Amino acid sequence: MKLIIDTDPGTDDALAIAAANGAEIDILGLTVVGGNVPLELGIRNCLSVLDFLGREDVDVYPGASRPLEGEYQYAYEYHGPDGLLAEIDSSNRQKSNIQAVDFIKESVRNYPDEVTLLALGPLTNIANCLRDDPEVMNLIDKIIIMGGAFQCKGNVRTWAEFNIFDDPVAAGEVFSIDVPMYVVGLDVCNTVSISRNELPWPRYTNGSKGQEICKNILSSWFSFHNDKDIYPLCDPLALISCLYPEVVEYVQSEITVVQSGNEIGRTLMTSGIQSINIAKSVDGKLAKYYLAELLESSG
């Protein structure tokens, strides 16, 4: 598998990147979008995580600093002031001079029908790619999206999940294209989590870099959130669904995104000719097993 991770790190983004590093896949690059943190901070976080994992060979490509309309709502209160809550050294590397949209287009054209896009943040970069060159999207193998809340409450508004809420216009445009698409929303993400009582998780076996950064992030996150006992594994679950599709069961539907009003960012399953695979259930025990295995193999 050739994978591009579109990300806005974010603690759970960092865990997903660390886990991806433990898989036998070709990580082509990380494209960064604003969301959990501003774009430049997200870029620095990506570079620091990659260097910590020993992946200086993977480049980081800057993307959108603003949604298609309005401004991003950052998530400092959830991911901390630096977005990672992890004690790792800052990278001395620089971001690529190539923009995220250009990198995605070039990669997809170089490897037609081989590239998977794993979207862990707002969908602005992918929507900009679609606007810039609609035909290139037909060369993508599939898109895995962490986003949406369908039969459950949202995490930023009653009905809205953060990634969709931060750029509902982009989400609406991406959900309209005819590309194999798998959406892993809060309906399943909320059922796969780490509890405070499970720490340290995963248990050290070989002391890998993946295990180390996971232990670091989770312990710091629970210290930052004295009032919380559960950490949902949203972005890591999206990665697991990409690598181990048997973990998740899907239902097919169209998705409509509310663009304005009190329910802005709400994702609705609607009937029509477009079929998107929406996660409806997950084997949480198996997902956590696979995640622990990947972190053990990472770095």
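These are my notebook entries on a predicted model.

**Ground rules.** I counted residues from 1 along each chain as its sequence is written, and I used heavy atoms for side-chain values, leaving out hydrogens and water. Because the model is predicted, local features need pLDDT of at least 70 and side-chain atom pairs count only at pLDDT 80 or more, while totals for chains, interfaces and linings use all residues.

**Sheet.** I looked up the strand order first. The model has an open sheet of nine strands, ordered β3-β2-β1-β4-β5-β6-β11-β9-β10, and the pairing is mixed. β3 (60-62) and β10 (267-270) are the edge strands, each pairing on one side only. From one strand to the next, the twist averages 30°. Strands here are DSSP runs of E with at least two residues, helices are runs of H or I with at least four, and both are numbered from the N terminus. Two strands pair if DSSP finds at least two bridges between them.

I then checked β1 (residues 2-7) against β4 (residues 115-119): they run parallel and are joined by five bridges. Asp6 has Ala119 as its bridge partner in β4. Helix α1 packs on the sheet, where it touches β1 and β2 (26-32), and its direction makes about 165° with that of β1. For such angles, axes are lines fitted to C-alpha atoms (for helices, over the stretch in contact), and angles run from 0 to 180 degrees between N-to-C directions.

**Asn21.** I found Asn21 in helix α1. It counts as buried at 12% relative accessibility; buried means under 20% relative accessible area, exposed over 50% and partly exposed in between, with a 1.4 Å probe and protein chains only. What does the side chain of Asn21 make a polar contact with? One partner is the side chain of Ser298, at 3.0 Å, and another is the side chain of Arg55, at 2.8 Å. A polar contact is a pair of N or O atoms within 3.5 Å; within protein, one must be able to donate a hydrogen and the other to accept it, and residues adjacent in sequence count only if both atoms are side-chain atoms. Leaving aside residues up to four places away in sequence, Asn21 touches Ile27, Leu53, Arg55, Ser298 and Gly299, where contact means heavy atoms within 4.5 Å.

**Helix α11.** I noted that α11 (residues 284-296) has 13 residues and reaches 18 Å from first C-alpha to last, close to the 18 Å expected. The expected span is 1.5 Å times one less than the number of residues. Its buried residues include Tyr290, Leu291, Leu294 and Leu295. Among the elements covering them are α1 (11-21), α9 (209-224) and β11 (276-282).

**Cysteines.** I found zero disulfides, a disulfide being a pair of cysteine sulfur atoms within 2.5 Å. For Cys129, the nearest cysteine sulfur is that of Cys242, 17 Å away. The sulfur of Cys242 is 14 Å from the closest one, in Cys189, which is too far for a bond. Cys129 is buried at 2% relative accessible area, and Cys242 is buried at 6%.

Cis peptide bonds join Leu199 to Pro200, with omega about -5°, and Trp201 to Pro202, with omega about -10°. Pro200 is in the loop between β7 and α9, and Pro202 lies in the loop between β7 and α9 as well. I also logged positive phi values in residues other than glycine: near 55° for Leu85 and near 65° for Asp113. Leu85 lies in the loop between α3 (76-79) and α4 (100-110) and is buried at 14%. Asp113 is in the loop between α4 and β4.
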